[in-house]
Structures are given as structure tokens and as C-alpha cells.
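The sequence and structure are shown below.

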Amino acid sequence: MLQPVFLIGGGEATELFPEVLGPFVRAASVRGDAQIAVLLVAEHEEDYSFYAEALQASGLPVSSFPVIISKERPLKAEELAQATGLFVGGGVTPHYQDLCCVGETLGVIQQAARQMPYLGFSAGAAIGPERALVGGWAIEREGKQVQVCFPGAGEGLKQLEARPGLGLIPFSVDVHASQWGTTNRMIHAVDTGLVTEGWAIDENTCVEVFRGGARVYGGGSVYRLRREAGALRLEVLAAGAVVKV
């Protein structure tokens, strides 16, 4: 990973956008004002105005333009030629995984992430890892189906499901952590071995992942889960925390 990766757990707290989005915009401003490509799947095209306004609310010089993809319209490298940062928005996580993490689009995003900062917002954060936890609200434990979060957070899936992601970061990600109760989903995903390490990110909270480490920004918490010496370890990271990855 040559460029930083930013992961936001969702949220609409405008007053926190300078803190949450500012680090990404600054990282994308190395050659002057940031020019951000906002990548959305077609069913969420109407969300572009929210992301454009959120970037403006960072308080830094920035402009943006939408890039819309679908099964019939994969991402082309030339669509990002003018960009200094790539922002992948939110929506239904399995749909984002299905369109972004395969074929031509996957290759273009991976190449772009070597050249410019990547920011994933909600679904865009969840698909960033090598192994993406895309949804679900139940998991099988000792032969029984166990509910681990409310069904509305399942993204249209019942069983917890991990799929190949973009491969930009080494740990799995869940979003809307405290707001949707998905920290508990990640606990079960790590405890059962569905994923090896998981970070559940609150809304209005950003994790910057750089070579060898990570830093937290924003108004919420990040819950880092991993197995050590046979036990499940939980770290609660607040704004300002810097840890090794």
C-alpha cells in the first residue's frame, strides 16, 4: 500500500466533516486543490450531491465529480485520469462488492489506490479489505442459528457473509458500529473465524490506514477485534489514537 486508505463508518454530522473528511482531502491535495472522483453504483447515483456537499464542508479547497458504474458500465481508468483522490460511497454493501471487487473495475480501483488516496464511506469502507464482511444478521454456532444484530443491518442477507474485497487493507471492516449494533456482528465474525481481524467503525468516525499503522479521527469510536493466544481481544480506539497494523 503506497497511498493512505481512509475508512468512514457513515454518518451525517456536518459539524464533524472537517475532522472526518479533512485528512483525506489534505492527502489528495499534494498537487494543488483536491480533485475527487466520487464512485457510486448506479442505484445510488442520486447520493452524489450529499457527498459533494460533505467534501465542501471539509473546509478545504476541493472539487469533485461523479463516476457511476453498473454491470453494463464497468469503471474505466480514463474516468479517473483527472482525480487526485478516489471516494467510494455508500449503499447496499453486497451490490458494491459485486460491482467493484471483480473484473475490470477491481483492477482500475487497485491501480488508482497505488497512485492516490482512497476513501470508503460506509459500503465503500466495508469493501476495502482483502476479505469484506458484506452483511448478514445471523450466524451458526454449535449447530444453532444465533441472531447477532438486528435484521435491518443485514444488507439483504441473513447469514453473515464474507466475500473477496478490494484488497487495500489487511483487516475486515464493519460500519455504523454503535448506531446499528454491528460491533456485535464483527465480534462473532472474528470469534468464529469468518474473518481474522475486524474493525467496527462508528458513524462520523474515520480510520486512516498507512504503511504499518492506523490513526483515528472524528466523534465516535473504533472497535478493533482479533484473536491473541486463543482469546478474543477487543481494543476501543478514540479520536487521536495511533496503533500499529
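This is a predicted model: local features need pLDDT of at least 70, side-chain atom pairs count only at pLDDT 80 or more; totals for chains, interfaces and linings use all residues.

## Second largest cavity

The second largest cavity has a volume of about 30 Å³. The residues that line the second largest cavity are I8, G10, G11, F17, V20, L21, F121 and N204.

Helix α1, spanning residues 17-27, contributes three residues, the largest share of the lining of the second largest cavity. By class, the lining of the second largest cavity comprises five nonpolar and three polar residues, with no charged residue.

## Largest cavity

The largest cavity holds about 50 Å³ of space. Its lining is formed by T93, A126, L133, V134, G135, E155, D174, V175, H176, W180 and R185.

Two strands, β6 (131-135) and β10 (172-175), each provide at least two residues of the lining of the largest cavity. Strand β6 accounts for the largest share of that lining, with three residues. Classified by residue type, the lining of the largest cavity consists of five nonpolar, three polar and three charged residues.

## Cavities in the whole structure

In the largest cavity, the largest share of the lining comes from β6, whereas in the second largest cavity the largest share comes from helix α1. Three charged residues belong to the lining of the largest cavity, while the lining of the second largest cavity has no charged residues.

Terms used: Residues are numbered from 1 along each chain as its sequence is written. Side-chain values use heavy atoms; hydrogens and water are left out. On a 1 Å grid over the protein atoms alone, a cavity is a set of points where a 1.4 Å probe fits but cannot get out, and a pocket is an open set with protein on both sides within 12 Å along at least five of seven lines; lining residues have an atom within 4 Å of a point. Grid points are joined across faces, edges and corners, and a volume is the space filled by probe spheres set on the points. Helices (H or I, at least four residues) and strands (E, at least two) are DSSP runs, numbered from the N terminus. Ala, Val, Leu, Ile, Met, Phe, Trp, Tyr, Cys and Pro count as nonpolar, Asp, Glu, Lys and Arg as charged, and the others, Gly among them, as polar.
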